[in-house]
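This briefing covers overall chain dimensions and some helix packing. Please read it with the structure open.

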There are 2 protein chains.
Amino acid sequence: MTTPTKILVAQGGGPTAVINQSLAGVVLEARKFPQVAKVYGAHHGVRGIVNEELLDLTQETSHNLEMVARTPSSALGSTRDKPDAKYCHEIFEVLRAHEIGAFFYVGGNDSSDTVRIVAEEAEKANYPLRCLHIPKTIDNDLVHNDHTPGFPSAARFVAQAFAGANLDNAALPGVYVAVVMGRHAGFLTAASALGKKFPDDGPHLIYVPERTFDVDQFLKDVKSTYDRLGRCVVAVSEGIHDASGAPIITKLASQVEHDAHGNVQLSGTGALADLLCEEVKNKLGIKRVRGDTFGYLQRSFIGCVSDVDQREAREVGEKAVQYAFWGETNGSVTIKRTGFYSVDYELAPLRAVAGKTRVMDDAFLNEAGNDVTDAFRLYLRPLLGSGMPDAFRLRPNAVPKVLNKD
Amino acid sequence: MTTPTKILVAQGGGPTAVINQSLAGVVLEARKFPQVAKVYGAHHGVRGIVNEELLDLTQETSHNLEMVARTPSSALGSTRDKPDAKYCHEIFEVLRAHEIGAFFYVGGNDSSDTVRIVAEEAEKANYPLRCLHIPKTIDNDLVHNDHTPGFPSAARFVAQAFAGANLDNAALPGVYVAVVMGRHAGFLTAASALGKKFPDDGPHLIYVPERTFDVDQFLKDVKSTYDRLGRCVVAVSEGIHDASGAPIITKLASQVEHDAHGNVQLSGTGALADLLCEEVKNKLGIKRVRGDTFGYLQRSFIGCVSDVDQREAREVGEKAVQYAFWGETNGSVTIKRTGFYSVDYELAPLRAVAGKTRVMDDAFLNEAGNDVTDAFRLYLRPLLGSGMPDAFRLRPNAVPKVLNKD
């Protein structure tokens, strides 16, 4: 790349609280390189590329980029399109038409697979294109990564939400079931454990897709906790399934929606929480049973972000540009943990990351499959960042009874 | 009250983010008074009183009280019990047995009515008891108050949630419906409007219980917004009802739960959001339709609080103690707005506040009944406090198309 070239950046899949940090990382770093003539962004991911809906980010102020970086959700817009070979060929044709020399795609495992196929198209056509995948997903399910940008901030939201929900449940006791995003990986649901301070705090039970969900065992677990504490706070992944692998939600929903990937719609409905609450009410006879579904708040709530996540999301964007211009290969930027707490970045082959799904290590889950271990707490805590709010309680100083009517 | 007396404080109804500020306000202020021998707290509101489950708050450190003040939810525990005359008599008997000279109850309109009846019991028995109601409710529906402690923080949560949900919906367009707490008063749902920055930002439609909800009109409104912007973000109060006054949720739910007050259970279920989403999908044929129910997060999320709300919640607690010992009557502490932005406190007769419900002024709602006015924005903005997060977007600098395939 001796003559200045144009580069293109896009954002794919579900938005996160810090995906714009990666965008800003790419744009601000790339604009320092003499090798870069223009920095383009595509509206709504790969769909914006094939439709030629491009934005000239060379004409954006650094100040506004910094402000956008702190704004959650994908500033360029996103898409759920999963490109096949033909779609990837169309992407490549647009990149060629605009003389793009490097393509940066911020996204999860589907997006990394798109980058891989586009890179292969370019190679076939003998067109010089550097292709970089920049990791992002609140699911934390990319292989070869200690964790993925977006997850720490979503985890922080979930931990804070459960810290508050636990306090609410302690004030007005009953059973509380909250459903957290996560189709195959339970990391985000497991983050609920970091909302716990005192031994009797909730969440008392945590169910993730890495383990089979048995409704009868769930009811036994709830009953045992309720009998012991007079209340019970439960965290459940939207992706929990029975022994056959069938999502628990399909047992209830009359109409089930499927996305372009053939996946059942799990988010954007309160059905699973309501189903589980009905089971508890009907089978255990507990009166006050409440269900919440954290829904889109957990990935897009403004004002709940991990500073560690912000920093790392920025850095993976920066590193992608450095790898593109100082390195020699395409690849996916990955995060390696090097200290407690410190990370470094490496470039993995696209093929090593693309389309693969990471799930929680066995060491992170207890034997009963209804809670996390201290190993998981130690893994997650530094990612949540500084300034985590803390919950305090009054110390017990009982007043002796006078009437003693009981 | 010339000889030192004991005082009792309790918290009733739904928890808020700042109800412990009022508790700390009472305890810390009361402990300065030579007239006060002991400061007791009751566990779980009036239920803890009749059960003699009392806590000696004179033995709590000031430091821990300050930490508890910053912790959301009711540190003493709460209750949904609505005392009748007999129950109030039992409360009074316990107060008399423990030689309580002043009773402070932090709560909403039901709690203020309890304070009123207990005060009447004491008068009948010729027992010297000073009774103070301290305002609290995220519903903002107490009469004689400019607003009520707890509402500003919940409103801040709702505004931040919609700011984020709007960004998420802009990135992945479709229809998004979020259900906000509020049975009779729409203040909290209306707070969603403060999440809006640019003219095309959501929420594009806001429906509150102050207006009749017509499903056909709702669908027309959604269609018109969707046709114009390609997306639509909707805020809906859980208490929306049809022309006959029947809650919209009862049109769906097969089993409807009632509380001690005979109210239909609206919170702790995602049914209303799911019902409205189904309507949009089926009648308008829009594919990507998502529903969220903010549930308990809006009143208990830790780490989203208005500093104005914290300060005022502390002050109403402090003022209650001052009124009890320097004033001459029972009453309910009320908040008056005196500047932009400044407040003062007054003591209203218990009878003036007790059991009454305030709803939104007509001036706060637009004519179509599907949005708020600037008068409401001006009313609410100062309450949200300092440091509200802000959303930024990229400026439009379109790259000319090269292929122009369309």
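A crossing is left-handed if the near helix is turned anticlockwise from the far one by less than a right angle, and right-handed if clockwise. Helices (H or I, at least four residues) and strands (E, at least two) are DSSP runs, numbered from the N terminus. This is a predicted model, in which local features need pLDDT of at least 70 and side-chain atom pairs count only at pLDDT 80 or more, while totals for chains, interfaces and linings use all residues. Residues are numbered from 1 along each chain as its sequence is written, chains are lettered from A and ligands numbered from 1 in the order in which they are written, and side-chain values use heavy atoms, with hydrogens and water left out.

**Chain A overall**

- Chain A contains 13 helices and eleven strands.
- Its radius of gyration (taken over C-alpha atoms) is 23 Å, close to the 22 Å from the globule rule (2.2 Å times the number of residues to the power 0.38) for 406 residues, so chain A is as compact as a globular protein of that length.
- Along the principal axes, the C-alpha atoms of chain A fill a box of roughly 90 × 45 × 35 Å.
- Buried residues (under 20% relative accessible area, 1.4 Å probe, protein chains only) make up 64% of the 406 in chain A.
- Of the contacts (heavy atoms within 4.5 Å) in chain A between residues at least 6 apart in sequence, 76% join residues at least 24 apart.

**Helices in chain A**

- Two packed helices are described by the angle between their axes and the distance between the axes.
- The axes (lines fitted to C-alpha atoms over the stretch in contact, with angles from 0 to 180 degrees between N-to-C directions) of H4(A), residues 85-97, and H5(A), residues 109-124, come within 9 Å and cross at roughly 65°.
- H4(A) and H5(A) form a right-handed crossing.
- From H4(A), Ala85(A), Cys88(A), His89(A), Ile91(A), Phe92(A) and Leu95(A) meet Thr114(A), Ile117(A), Val118(A), Glu121(A) and Ala122(A) of H5(A).
- By class, the contact of H4(A) with H5(A) has eight nonpolar residues (Ala, Val, Leu, Ile, Met, Phe, Trp, Tyr, Cys and Pro), one charged (Asp, Glu, Lys and Arg) and two polar (the others, Gly among them).
- In H3(A), residues 62-69, the buried residues are Asn64(A), Leu65(A), Met67(A), Val68(A) and Ala69(A).
- These buried residues of H3(A) pack against H1 (19-30) and H11 (307-326) of chain A.

**Helices in chain B**

- H8(B), residues 215-229, and H9(B), residues 271-284, pack at about 70° with axes 11 Å apart.
- H8(B) and H9(B) are therefore roughly perpendicular (65 to 115 degrees) to each other.

Conventions: Angles under 35 degrees count as roughly parallel, over 145 as roughly antiparallel, 65 to 115 as roughly perpendicular and the rest as oblique. Buried means under 20% relative accessible area, exposed over 50%, partly exposed in between (1.4 Å probe, protein chains only).
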